[in-house]
Amino acid sequence: MLQLSHIEVNFSGRRIFADISWHLKPGQRVGLCGENGAGKSTLLKLLCGQVEADRGDLVLARGTSIGYLPQDGLTYRGRSLYAEVESACAEVLALGREMAELEQRIAGDADETALARYAEVQERHRQLGGFSLEADIARVLHGLGFSRSDWDKPCEQFSGGWQMRIALARLLLQRPNLLLLDEPTNHLDLPARDWLESYLIGYPGSVVLVSHDRFFMDQVVQRIVELWNGGLTEYPGNYSLYLQERDRRVDALRAAKQQQDEEIERLEAFINRFRYQANKAAQVQSRVRQLDKIERIQIPPQRKKIAFRFPSAPRSGKELIVLEQVAQRYADLQVFSGVDLTISRGERVALVGANGAGKSTLMRLLCGVEAPAQGCCRLGHQVELAYFAQDQAQVLNPANTVLQEITAAAPVAMVPRLRDVLGSFLFSGDDVHKSVAVLSGGERNRLALAILLLRPANLLLLDEPTNHLDLASKEVLLDALRHYSGTLVFVSHDRYFVDSLATRVLEVADGRVTSWPGNYEDFLRAKQALGQGGHAQLRVESCAVAANGRPGEDKQARMEEHARRREQVKQQRRLQKELEQIEGRIGELETRRDGLERELADPALYAEPAAFNARSADYAAVDAELTAAYAEWEELQHQVEGLEEAS
């Protein structure tokens, strides 16, 4: 379908691609991976003709049609939603008009030429799905979250995120042979992502996509193409398999490079030793030629990561937040009513629902930013709350530098450690003096998260914390939240993130808040069992078929798996609590031991043998107790790591 041959692309003196070659076969679904700036979006633009190669050839098979969705920047005006989406099917509409004209001609004078042309047009119209066009438009619009009442709205009434959904709907209805999608899930909620995922799995053409949604990549793509250092490496399988294979490949490269370095060192030592001896000239020249022929192995650099842990906080009461008959409205818009909800200590609660259903409104009520129109919302005993808003990065002062912004928010005791905190979030060296105004979306979110860590909290409320974070940064944030000992309530449209964290799901829909035990996968299964699948049902059935070769799943097995997960979460919490206790004991013992060491170092103590013997005995006892505590900590840590690997 598509062939790249010895492609080279340079921008402003920087080499993006250096002599890359690649073959895309019909029907393949490929995910592009690589660090920010590696050239993923550039490759998509190259494939669709928006960027030209400085050298090399791009060959397309005859009849290949290409559809490209950029990350953002598309807007539509002047037509209703339905008319705009329908206009993407220009050929089908033209064929429909021609069929109508031919039908009139045939009715008046059934000449053979008109009949022959009508048969051709009708067949082409059928092949392009013209007879089911309205049903297809309805299916795509509904799948992407548009309601029937939206069809007649002018496109200019839709916000930027919905504009990109319009662009995606137009693209899917065009049905090109090759779909190029740059972050297609950026502006989609979970139901729309589930629908798009199922749609792409069944798409008959080829798909090349960039996404920071790990679960989406795992379900959709069959191959991964990694871009690094101007080169391209292809891996079979989905994203999770790619991570495993990439690690194996890098380990093999390191071993090969070590052997190569040893060989180079041996050749150079011989050359340097015998360079000026005439009787060794031929051997020296032979080894020089050997050196020149060696193709130096390059090792991908270790990826920079955010590495942090949320600080410990005072233990809260059993109930952290209680909502009683809460209702919220804005003017005539009733968001929800009659909500009774209790958030208990240690829970990890995910809020899910379509965009506009009221998830962010509920978060603002939980954190006290908004007061309910009706009902009561109260905090429990000793609750220390931290709230990360969806637009948290936007409240940063653009006139400040990174260091000034975090210093303004920091308690006095934390000021000496601010550089360390910023370093954990990849702001090192001169980066701390960057103006907030010039930071990218991901950098702003990392800074906002860093500020959130300055004060210990036993209740975290996070509204879309993963926005603008790449896959590696999401993974480290996820790891930090797994180790967080407090209570968590969060909104995320990243399916992998929700499935990995949630122990309870709150569905916000139709003015109600419904509680479901387990993670998002458990929620989908429960909805399906009740016949309420909707978009989610498509996702669950496709997963079940992929896993078992048949729809559905044994109910008893699901119940056992859910019970296993609950027990695993309980064990993790218990072990985490024991770890915190042993760490506190180790800290106390180390303080006592340090004090005893200072006393034993005092020469005056040796003048009193009885006191010296007593201090020595105390020191030996504390040291033995500390050694036992270290061993206990290591055992607990081993058990925690074992549970995490099992999950």
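This section describes the overall architecture, domain contacts, salt bridges and a surface patch of a predicted model.

The chain comprises 647 residues, of which 44% count as buried. Its secondary structure consists of 20 helices and 18 strands. Along the principal axes, the C-alpha trace spans about 130 × 95 × 55 Å. The accessible surface of the chain amounts to about 32,700 Å², and 48% of this surface belongs to carbon and sulfur atoms. Among contacts in the chain with a separation of 6 or more, 68% are made by residues 24 or more positions apart.

The domain assignment divides the chain into five parts: domain 1 (2-27 + 40-66), domain 2 (75-175), domain 3 (243-293), domain 4 (319-530) and domain 5 (566-646).

In the interface, 6 residues of domain 4 are in contact with 5 residues of domain 5. The size of an interface is often given as the accessible area lost when the parts come together. For domain 4 and domain 5, the area buried between them is about 480 Å², with 44% of it on carbon and sulfur atoms. On the side of domain 4, His-483, Ser-485 and Thr-503 supply 66% of the area buried against domain 5, more than any other three residues. The count of salt bridges between these two domains is 0.

The structure as a whole holds 33 salt bridges. One of them pairs Arg-55 with Glu-8, with the closest N and O atoms 3.5 Å apart. Arg-55 belongs to strand E4 (residues 55-60) and Glu-8 to strand E1 (residues 2-11), so this pair ties together parts that are 47 residues apart in sequence. The two partners fall into separate accessibility classes: Arg-55 is partly exposed because its relative accessible area is 41%, whereas Glu-8, at 14%, is buried.

A further salt bridge joins Arg-117 and Glu-98, whose closest N and O atoms are 2.7 Å apart. Arg-117 is located in helix H4 (residues 112-127) and Glu-98 in helix H3 (residues 90-108); the pair therefore ties together parts that are 19 residues apart in sequence. Arg-117 counts as partly exposed, with a relative accessibility of 34%, and Glu-98 is also partly exposed, with a relative accessible area of 23%.

The side chains of Lys-153 and Asp-150 likewise meet in a salt bridge, at an N to O distance of 3.1 Å. Here Lys-153 is partly exposed at 33% relative accessibility, while Asp-150 has a relative accessible area of 10% and is therefore buried, the cut-off being under 20%. Elsewhere, salt bridges that share partners join Glu-8, Arg-15, Asp-19 and Arg-55 into one network.

A nonpolar patch is also present on the surface. This patch is formed by Leu-58, Leu-60 and Ile-66, which together have about 200 Å² of accessible area. Ile-66 is placed in strand E5 (residues 66-69). At 30% relative accessibility, Ile-66 counts as partly exposed.

How values were computed: Residues are numbered from 1 along each chain as its sequence is written. This is a predicted model: local features need pLDDT of at least 70, side-chain atom pairs count only at pLDDT 80 or more; totals for chains, interfaces and linings use all residues. Side-chain values use heavy atoms; hydrogens and water are left out. Patches are made of residues with over 30% relative accessible area and no salt bridge: like charges are joined within 9 Å, nonpolar side chains (Val, Leu, Ile, Met, Phe, Trp, Tyr) within 5 Å. Accessible areas come from the Shrake-Rupley method with a 1.4 Å probe; for residues, only the protein chains shown count as cover. A salt bridge is a side-chain nitrogen of Lys or Arg within 4 Å of a carboxyl oxygen of Asp or Glu. Helices (H or I, at least four residues) and strands (E, at least two) are DSSP runs, numbered from the N terminus. Buried means under 20% relative accessible area, exposed over 50%, partly exposed in between (1.4 Å probe, protein chains only). Domain bounds come from an automatic or database domain assignment. Contact means heavy atoms within 4.5 Å. Buried area is the accessible area (1.4 Å probe) that two parts lose on being put together, summed over both.
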